[in-house]
Amino acid sequence: GQSDETRDFVDALLAAPGLPPLLIDADGLNNLAQLPDWPARLPADAILTPHPAELARLCDLQVGDVVARRWDLARECAAAWNVVLLVKGPYTVVAEPGGLLAVLPIATAALATAGTGDVLAGVIGGLLAQGVSPFQAACLGAAVHGAAGECCAAEIGLAGTLAGDLLSRLPPTLAWLAEARAAAG
């Protein structure tokens, strides 16, 4: 939510010493945008996962400007804020502070439904918890999320996919990727 209490929690969280790698999504981003000097308060290894409207709030831009400059803006913001920045949308963009940029080759309307971004955040958070570096966790998480979304599109269709449908396809998608990796040697 975006209540005063939630904003106070985000403010206090960023002041806590020794934070582990941190992923901020959804209303966490909206609350972050309201804090003074928020980029300087982020811990090392932070990942921000905005959709274009959330990134527009963080940058004080119009959504159309974000969409038109998504790749360049992702690189600029990742460097300026010293974060890994994953900008959601068709062909999700992941940028790291050093200028490296990854663009995922996935664009399916099956992922354009409420809750699928929460699933993405959970996948990336799980990878972070396993010790995967933030940039790799964001790229791999987005790839797994996107592959599961393509499964939903093929099995359910572009309309009608729910976040729970996506979630249930993560284990078989991970198994398929592991088999492909093993076959590649």
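Predicted model: local features only at pLDDT ≥ 70, side-chain atom pairs only at ≥ 80, totals over all residues.

User: What's the volume of the largest pocket?
Analyst: The largest pocket holds about 570 Å³ of space.

User: And how many residues line the largest pocket, and which lie nearest its centre?
Analyst: The lining has 28 residues. Nearest the centre you'll find Lys88, Gly89, Leu111, Ala112 and Thr116.

User: Which helices supply at least two residues each to that lining?
Analyst: That would be α4 (52–59), α7 (116–129) and α8 (134–155). The largest share comes from α7, which puts in four residues.

User: How does the lining of the largest pocket split by class?
Analyst: It has 13 nonpolar, 10 polar and five charged residues.

User: OK, what about the second largest pocket, what volume does it have?
Analyst: The second largest pocket comes out at about 270 Å³. Its lining includes Val123, Gly126 and Leu127, along with Leu140 and Val144. Leu170, Leu174, Leu177, Ala178 and Arg181 are also among the lining residues.

User: Which element gives the most there?
Analyst: α10 does, with five residues. Helices α7, α8 and α10 (170–184) each supply at least two residues of that lining, so α7 and α8 turn up in the linings of both pockets.

User: And the classes for the second largest pocket, what are they?
Analyst: Eight nonpolar, two polar and one charged.

User: Switching topic: how many salt bridges does a search of the whole structure find?
Analyst: Five. We can go through some of them.

User: Start with Lys88. What does Lys88 form a salt bridge with?
Analyst: Its partner is Asp25, and the closest N and O atoms are 2.8 Å apart. Lys88 sits in the loop between β3 and β4, while Asp25 is in the loop between β1 (23–24) and α2 (27–32), so the pair ties together parts that are 63 residues apart in sequence.

User: Is Lys88 buried or exposed?
Analyst: Lys88 is buried, because its relative accessible area of 15% is under the 20% cut-off. Asp25 counts as buried too, with a relative accessible area of 14%.

User: Which residue does Glu76 form a salt bridge with?
Analyst: Arg69, with the closest N and O atoms 2.7 Å apart. Glu76 is partly exposed, at a relative accessible area of 43%, and Arg69 is partly exposed as well, at 35%.

User: What about Arg169, what's the partner?
Analyst: Arg169 bridges to Glu155, and the closest N and O atoms there are 2.7 Å apart. Arg169 is in the loop between α9 (163–168) and α10, whereas Glu155 belongs to helix α8, so this pair ties together parts that are 14 residues apart in sequence.

User: Are those two buried or exposed?
Analyst: One of each. Arg169 is buried, with a relative accessible area of 16%. Glu155 counts as exposed, at 54% relative accessibility.

User: Where is Tyr91 found?
Analyst: Tyr91 is found in the loop between β3 (84–87) and β4 (93–95). With 44% relative accessibility, Tyr91 counts as partly exposed. Its backbone deserves a look as well: phi is positive, about 60°, although Tyr91 is not a glycine.

User: Last one: where is Leu85, and is it buried or exposed?
Analyst: Leu85 is in strand β3. At 0% relative accessibility, Leu85 counts as buried.

User: How many residues apart along the chain are Leu85 and Phe135?
Analyst: They are 50 residues apart along the chain, and their C-alpha atoms are separated by 8.5 Å.

Technical notes: Residues numbered from 1 in each chain as written. Heavy atoms only, no water. Buried < 20%, exposed > 50% of the residue type's maximum accessible area, 1.4 Å probe, protein only. 1 Å grid on protein atoms, 1.4 Å probe; cavity = no way out; pocket = protein on both sides within 12 Å on 5 of 7 lines; lining within 4 Å. Points joined across faces, edges and corners; volume = space filled by probe spheres on them. Nonpolar A, V, L, I, M, F, W, Y, C, P; charged D, E, K, R; others polar. Salt bridge = Lys/Arg side-chain N within 4 Å of Asp/Glu carboxyl O.
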